[in-house]
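Thanks for coming, everyone. Please have a look at the chain on the screen before I start.

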Amino acid sequence: MNHFTSKDLNELPSRYRANLINSCTGYKPCNLLATKDSNGVTNLAIFNSIIHIGSNPPMLGFILRPTTVPRNTYKNIKETGVFTVNQVQKDMIADAHHTSAKYDEHISEFDKTNLTEEYQNDFLAPYVKNSPIQLGCKYINEYFIQENDTILIIGAIEHLYIHDEILHSDGWAQLDKAEVVAAIGLDGYALPTLLNRFTYAQPDQQTESLLNKS
């Protein structure tokens, strides 16, 4: 097994280190964040840092890299206060990855890919058409992370759209049915397969499969 100390990691070539650290923590969610600026120009960017913050009230967060260079997603969210989060499906991965290219703020990534804007219920920010799960979010707060100059953005989930076939009667979303992908590092995409689902864990009680219960 390879062993890297913190000294070793700090001395690695930057791209090698970025690949290693971004992939060694495991599979990450793969989402497209869509926004619109005050002039009506849309922006679409791929993120693998979406995290669950809480379900009551429903909130999520994501990490924004240092704003020492233009970050159109951040600028648009600060201008309009809203954004959408759209799960990436397997047929979208090439176009989704392309949204990481650095286009000028006046150019929409929707115009540079085969991804299509979709508007629902008068929400200002666009959704990504054909995404199996779409979240309309309102900016709530942000927290500066001084250790590496990044920002944790907190959003309230105001709208949730989800395909019927993946939604179970208890509210659980079976993502593999919609071929939702996961990210490996900065440029890898995988299609997870459901192995099992278990009952709520209780001390000194055997864990049982929900999928095999009669």
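First, the ground rules. This is a predicted model, so local features need pLDDT of at least 70 and side-chain atom pairs count only at pLDDT 80 or more, while totals for chains, interfaces and linings use all residues. Residues are numbered from 1 along each chain as its sequence is written, and side-chain values use heavy atoms, with hydrogens and water left out.

Now the sheet. Helices (H or I, at least four residues) and strands (E, at least two) are DSSP runs, numbered from the N terminus. Seven strands make an open sheet: 7 strands in the order E3-E2-E6-E9-E10-E5-E4, with antiparallel pairing. Two strands pair if DSSP finds at least two bridges between them. E3 and E4 are at the edges, each with a single partner strand, so one side of each has no neighbour in the sheet. On average, neighbouring strands are turned by 30° against each other, direction ignored.

Axes are lines fitted to C-alpha atoms, for helices over the stretch in contact, and angles run from 0 to 180 degrees between N-to-C directions.

Stay with H3, residues 72-80. Which of its residues are buried? Asn72, Thr73, Tyr74, Asn76 and Ile77. Buried means under 20% relative accessible area, exposed over 50%, partly exposed in between (1.4 Å probe, protein chains only). After H3 comes Gly81, with a positive phi near 80°.

On a 1 Å grid over the protein atoms alone, a cavity is a set of points where a 1.4 Å probe fits but cannot get out; a pocket is an open set with protein on both sides within 12 Å along at least five of seven lines; lining residues have an atom within 4 Å of a point. Grid points are joined across faces, edges and corners, and a volume is the space filled by probe spheres set on the points.

The largest pocket has a volume of about 1,300 Å³. It is lined by 42 residues, and Ile46, Phe47, Arg65, Arg71 and Leu186 lie nearest its centre. H2, E3, E5, H3 and E12 each give two or more residues to that lining. By class, there are 18 nonpolar, 15 polar and 9 charged residues. Ala, Val, Leu, Ile, Met, Phe, Trp, Tyr, Cys and Pro count as nonpolar, Asp, Glu, Lys and Arg as charged, and the others, Gly among them, as polar.

The second largest pocket has about 880 Å³. Its lining has 33 residues, with Gln87, Ile133, Leu135, Ala173 and Leu175 nearest the centre. E4 gives the most, 4 residues. The lining divides into 23 nonpolar, 8 polar and 2 charged.

Look at Gln87, in strand E6. Gln87 is buried, at a relative accessible area of 15%.

Last, the cavity. H3 provides the largest share, 3 residues. So which classes line the cavity? The lining has 2 nonpolar, 4 polar and 4 charged residues.
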